[in-house]
Amino acid sequence: MIHTSKLTKTFTVKKEKIQAVKGVDIDVARGELVAFLGPNGAGKSTTLRMLTTLLAPTSGAARVAGVDVVADPAGVRSRIGYIGQGNGGGHSYRVIDELIMQGRFYGMNTTDARERADQLLKSLELQDLKKRTIIKLSGGQRRRMDVALGLMHSPTLLFLDEPSTGMDPQNRANLWEHIMRMRHEHGTTIVLTTHYLEEADTMSERVIVIDHGEIIADNTAARLKADLAGDLLAVEVSAAAAPEVRGLLGRAAAAGELEETAYDGVIRFRLRLPDGARLAPGLLRDMNDAGAPALRLELKPPTLDDVFLELTGRSLREGGKV
Amino acid sequence: MQLQQATAAGTAVRKPGIGRILQDTKYVFWREMLLVIRDPFSLIFSLVQPLVFLALFGPLLGAAVGVEAFGGESSLQWFLPGVVVMIALFGTSMTGSNLQYELMTGSYERILATPLSRSSLLIGRALKEWAPLVLQGLVIALASIPFGFVFYPLHVLFGLVVIGVFGIGLGALSYALALVTQGKEWVFWGVQQTLLFPLMILSGIMLPIEAGPRWMQVLSLFNPLTYMVNAERELFAGGLGWDTLWGVVAAVITAVVGLAVGVRVIKHSSL
Ligand SMILES: Nc1ncnc2c1ncn2[C@@H]1O[C@H](COP(=O)(O)OP(=O)(O)OP(=O)(O)O)[C@@H](O)[C@H]1O
Ligand SMILES: [Mg+2]
């Protein structure tokens, strides 16, 4: 569905060159759901805007839905849907008017467009706001309106740039339900960007991690986490048992470091353990056998943030800015 | 939450061509017109404005220049077509300003990502600025009849079409200007205003250019607006001759140049 080779975008602002996207190779098969994950300014939107023909690549090539983005941009546009990072509805328009016009732009007749608009308004819980002027919608309502606009013509390939930003948890869940249903019923291919780690983690099949305009990882969330992060294990033991446990954990931790803190006669060990959930029971048994039982145990599965941290040394969460 | 399969039309790939451009233009035009339809108040204002202008300026003009300057006709017969051209000039040169709002939100980007043909974006928006003129022109003409204006409906109608073609060109240029000045809205206004007034004065809209010095007369020959004004004057007087023909030529050239520049700028600022 999508194939790019060395896709590059360099902006020139006042003679200064900004390398927003540095030669990325992306392949997306029909029906896949792929998430671009990366910090602000990583180049996610720029990549999407090249794939949707809104920006001309500086160099490299991209084929989208079987069509070259440079040779036949109009051909690409008629085969895709795009929900940009900004608000797509014109401020002074009524919700329903914009939706119907959008359908018309894609060649739907008014009756079909109206019917489709009503469906979408209902499922995105906007039906009461049908006649409202867009500027009078709340941020989250406006975002849902953007999604409705992008879905009007039921594209087979859909690009979404941070679709859920600004939505409350219930609406976010609702949006995802919608997206999943689209995939399920129509086999829609979906490429999206997100800042919500959980979203990339639980919803998409594949995560492409982008940083400084480059792809630094591309795999399923599960593989990325297993390969790059591992579970976080914390064990507390009595001071007397500490030397024994230190040896056992030291061996298990292999390459990683073993952290140690002490309080109230209790020693707390922390370590990152690839496949930790499977190894932990054995470890506990060994500790028991050695007469050094655990007092407390915590096991935290890795997040994509841990993956990003491992890859870049920076965190994607608050305070993790470059 | 029920989501059904949408129409096949939604995913149909449409072939480019003239028919397609016309259809797309209709959609773009219609979307713009929705703003007027949903808020008809703006239309009422736009009807009152030229009437006020005409009522205040017309009598002064007749008194100041003298009836002889207009070949003995009512000064309105000479002045009114000028007002029509002026409204068209102000209206269509604003095409880009309405775009500026949409450039600031994601709304322009959303529309760019649809399969709409690029020239239809320009034509549709320019025509929206021209459309009220049809109504305005008729209202002004009718209102002027009691004051000695002779109304030739078919000629006037043709005159409005000619100015519409010119307006497409000017609107497209205004659109292009809005795109290249994106993020610096004041530059748009600076350029628009700076160009508008010399164009207007050098076309003889307000005062006959024949009364001016030689250099002004020469400059006016290079101003497409001059030919528009002359054509409209001939048409509004019930004539159909060389002035009209030159007006049509000037309008078509302006439209072709405007659209060529506009489409280029759209493709450059995006793809
Ligand atoms: N039109 C432009 N002109 C100049 N520089 C730009 C332009 N658009 C983006 N950039 C720069 O390119 C880089 C990548 O921007 P991009 O919008 O692709 O980031 P992003 O990954 O989408 O970030 P965010 O998560 O904040 O949306 C940034 O450094 C940005 O400042
Ligand atoms: Mg972005």
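Visitor: What share of the contacts in chain A with a separation of 6 or more comes from residues 24 or more positions apart?
Guide: In chain A, such residues account for 69% of those contacts. Contact means heavy atoms within 4.5 Å. In chain B, residues 24 or more positions apart account for 78% of the contacts with a separation of 6 or more.

Visitor: How was this model made and numbered?
Guide: The model is predicted: local features need pLDDT of at least 70, side-chain atom pairs count only at pLDDT 80 or more, and totals for chains, interfaces and linings use all residues. Residues are numbered from 1 along each chain as its sequence is written, chains are lettered from A and ligands numbered from 1 in the order written, and side-chain values use heavy atoms, with hydrogens and water left out.

Visitor: How many helices and strands does chain A have?
Guide: Chain A has 11 helices and 15 strands. Both are DSSP runs, numbered from the N terminus: helices are H or I with at least four residues, strands are E with at least two. The C-alpha atoms of chain A fill a box of roughly 80 × 45 × 35 Å along the principal axes.

Visitor: And how many helices and strands does chain B have?
Guide: Chain B has 11 helices and 0 strands.

Visitor: Why is A:Ser78 called buried?
Guide: Buried means under 20% relative accessible area, exposed means over 50%, and partly exposed lies in between, using a 1.4 Å probe and protein chains only. A:Ser78 has 7% relative accessibility, so A:Ser78 counts as buried. This serine is in the loop between α2 (73-77) and β7 of chain A.

Visitor: How do you know that the magnesium ion is coordinated by A:Ser45 and A:Gln85?
Guide: Their atoms, OG of A:Ser45 and OE1 of A:Gln85, are at 1.9 to 2.2 Å from the magnesium ion, ligand 2. Donors are N, O and S atoms within 2.8 Å of the metal (3.2 Å for Na, K and Ca); water is not among the atoms, so sites may look incomplete.

Visitor: Are A:Ser45 and A:Gln85 buried, partly exposed or exposed?
Guide: A:Ser45 has 18% relative accessibility, so A:Ser45 counts as buried. A:Gln85 has a relative accessible area of 41%, so A:Gln85 is partly exposed.

Visitor: Which residues come nearest to ligand 1?
Guide: Of 15 residues around ligand 1, A:Asn40, A:Gly41, A:Lys44, A:Ser45 and A:Thr46 come nearest. A residue is near a molecule or strand if one of its heavy atoms lies within 4 Å of it. Helix α1 of chain A gives the most to this shell, with 3 residues.

Visitor: What polar contacts does ligand 1 have?
Guide: Among them, a polar side-chain atom of A:Thr46 lies 2.5 Å from an oxygen atom of ligand 1. A backbone N or O atom of A:Gly43 lies 2.9 Å from an oxygen atom of ligand 1. For A:Glu162, a polar side-chain atom lies 3.4 Å from a ligand 1 oxygen.

Visitor: Why is B:Ser93 called buried?
Guide: B:Ser93 has a relative accessible area of 5%, so B:Ser93 is buried. B:Ser93 lies in the loop between α3 (75-92) and α4 (95-104) of chain B. Not counting residues up to four places away in sequence, B:Ser93 touches several residues, including B:Phe188 and B:Leu196.

Visitor: Is B:Leu196 buried or exposed?
Guide: B:Leu196 has 4% relative accessibility, so B:Leu196 counts as buried. B:Leu196 lies in helix α8 (residues 185-201) of chain B.

Conventions: A polar contact is a pair of N or O atoms within 3.5 Å; within protein, one must be able to donate a hydrogen and the other to accept it, and residues adjacent in sequence count only if both atoms are side-chain atoms.
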